[in-house]
Amino acid sequence: MADTENTYEVAVIGAGPAGLAAASEAAAGGAHTVLIDAAGQFGGQYWRHADEQSSSEDPAVWHHGWKTYTGLASAVDDAISAGKLQYLPASHVIAAEAGSPFSLSIAPVPESQPEHQGLTQIRAHTVVLCPGAYDRQLPVPGWTLPGVMAAGGIQAFIKTQGISPGQRVVLGGTGPFLLSAAASVLQAGAEVAAICESSDLTGWVPRGVSAALVPSKGKEGAEYIALLARHRVPYFRRRAVVAIHGDQRATAVSTARLNRDGKALPGTERIIEDVDLVGLGWGFVPQSELVVQLGAQMFRDADGSLVAEVDKDQQSSVPGLYLAGEITGVAGATAAVAEGRIAGRQVAGLRGGGRPPRSSADIKDRVLRRNHRLFAQAMHRAHPLPQQWPEWLTDETVICRCEEVPWQKTKEAIDSLSAEEPRGLKGATRIGMGWCQGRMCGQAADCLASSDSADVAQAVARRGPAIPVSLRALAGESGRESS
């Protein structure tokens, strides 16, 4: 295949809110664009839905902003039909190299494309990276039992299947997303036995101005609260799920009241029985592997997550690399769409040798971005992780699920082997060396090693292939062309 057939002006990675917005704007601006996504259909994790070809149910029932999604999806479909945009679904970008042009190595998702096993190489003069985020998890005793899921996983299951994965559910963690997950469970006809919010919510008091900038969030929250009230869902502040019980699967949880540092207070423990599903949610972690590979400047956000620096036009410290959505800080779908549109307009405007003129739509997106980013910073500070959560652990509690590393071995490494940062902990215990390469346990290891350094966090996030890939794919010849 000739180089001209394999080179694009713009490559957009990720087809969630930010990626769809970026791809639609770039293609509309005349840029020869490719959109690459691991899923088989548009939407990302936020607009995750059942197969549009086989489901008769209206997906808008389970989603906020569905009208925005349908508008973006329609624009991208039109660009594909017009030949302005190439779409590569069920495709992982496993490696990226900065340059002029950028070089991207793409592997097929095996379960979606069993007939394709090799890697595809494409090039792009500009990249818009919109990788999204995944649930942050903190281990507690019993969290590896069947019947324990991430809160985001519960909501994703409901969005795709139309039913709840459990009938009596306890949700624990921190942040407004617990309310969203609870609403999905109730809409699916199941029961929410309790919501345990680890913060006391007083952190919102000094940040009311930031919250007022985004009235839609207040309206959304009021709808959730009204729904919980109608179903008489118990909502506990400064209380956490500190243990999960069961033999073959989760059947009960222990909750405890926390002090301001997150220490479980003696004598406050309560057991909630007859539970068949536990959802744990401690916020979200941006997928930073490709950004780290490409060498962009990064920093710790207010919630402790590793995010990338961008300028007012969404360009990173790497020339030609633009970033949009949760990789610049977890702020929700509205901010992601606004950032994607800004980035898409910028990369399309580069074709004319300069920046595109500011339109009313662009100004509106910049205001939306600012307001939602301020709201997100207030939210992160109002819902911090409990500092003393390691005190909930027992010696047998699994920290790394893949390598089955218990808390006792982890403590020994920290106390006796001077494993005082995540890389040392990884070398001493094998935490983060398994199949998920630290995606599940990496944040916990980061907290346990008490490291605030962005450089250390980047070292933990640096992975050869950005995602696990089969040896067959690495060894095989290219299984398809990209155009």
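The following conversation goes through the predicted model shown above, from its overall form to single residues.

Student: What kind of model is this, and how are residues numbered?

Tutor: It is a predicted model, in which local features need pLDDT of at least 70 and side-chain atom pairs count only at pLDDT 80 or more, while totals for chains, interfaces and linings use all residues. Residues are numbered from 1 along each chain as its sequence is written, and side-chain values use heavy atoms, with hydrogens and water left out.

Student: How many helices and strands does the protein have?

Tutor: There are 14 helices and 21 strands. Helices (H or I, at least four residues) and strands (E, at least two) are DSSP runs, numbered from the N terminus. The radius of gyration is 22 Å, close to the 23 Å that the globule rule gives for 483 residues, so the protein is as compact as a globular protein of that length. That radius is taken over C-alpha atoms, and the globule rule is 2.2 Å times the number of residues to the power 0.38.

Student: What does the C-alpha trace span?

Tutor: Along the principal axes of the protein, the trace spans about 70 × 50 × 45 Å.

Student: And what share of the residues is buried?

Tutor: Buried residues make up 53% of the 483 residues. Buried means under 20% relative accessible area, exposed over 50%, and partly exposed in between (1.4 Å probe, protein chains only).

Student: What share of contacts joins residues 24 or more positions apart?

Tutor: Among contacts with a separation of 6 or more, such pairs account for 67%. Contact means heavy atoms within 4.5 Å.

Student: Let us turn to the core. Which residues have the most contacts inside the largest nonpolar core?

Tutor: They are I244, V278, L280, W392 and I431, in a core of 37 residues. A nonpolar core is a set of buried Ala, Val, Leu, Ile, Met, Phe, Trp, Tyr and Cys residues joined through side-chain atoms within 4.5 Å.

Student: Which element gives the most to that core?

Tutor: Strand 12 does, with four residues. The elements that give two or more residues include strand 12 (239–245), strand 13 (252–257), helix 10 (407–416) and helix 12 (442–448).

Student: Why would nonpolar residues gather like that?

Tutor: In soluble globular proteins, nonpolar side chains tend to be buried together.

Student: Is helix 4 mostly covered or mostly open, and what lies around it?

Tutor: Helix 4 (residues 177–187) is mostly covered, with nine of its eleven residues buried. Among them are L178, L179, V185 and L186. The cover includes helix 3 (151–161), strand 9 (168–173) and helix 6 (215–230).

Student: What follows helix 4?

Tutor: G189 follows helix 4, and its phi is positive, near 90 degrees.

Student: On to helix 9. Is H372 buried or exposed?

Tutor: H372, which is found in helix 9, counts as buried because its relative accessibility is 4%. Leaving aside neighbours within four places in sequence, H372 is in contact with V214, S216, K217, A331, T334 and A335.

Student: And I363, is it buried or partly exposed?

Tutor: I363 also lies in helix 9 (residues 360–382), and at 45% relative accessibility I363 counts as partly exposed.

Student: Last topic: what does E25 touch?

Tutor: E25 lies in helix 1 (residues 17–28). Leaving aside neighbours within four places in sequence, E25 is in contact with R341, G344, R345 and A348. E25 and R345 are 320 residues apart in sequence, yet their C-alpha atoms are 5.6 Å apart in space.
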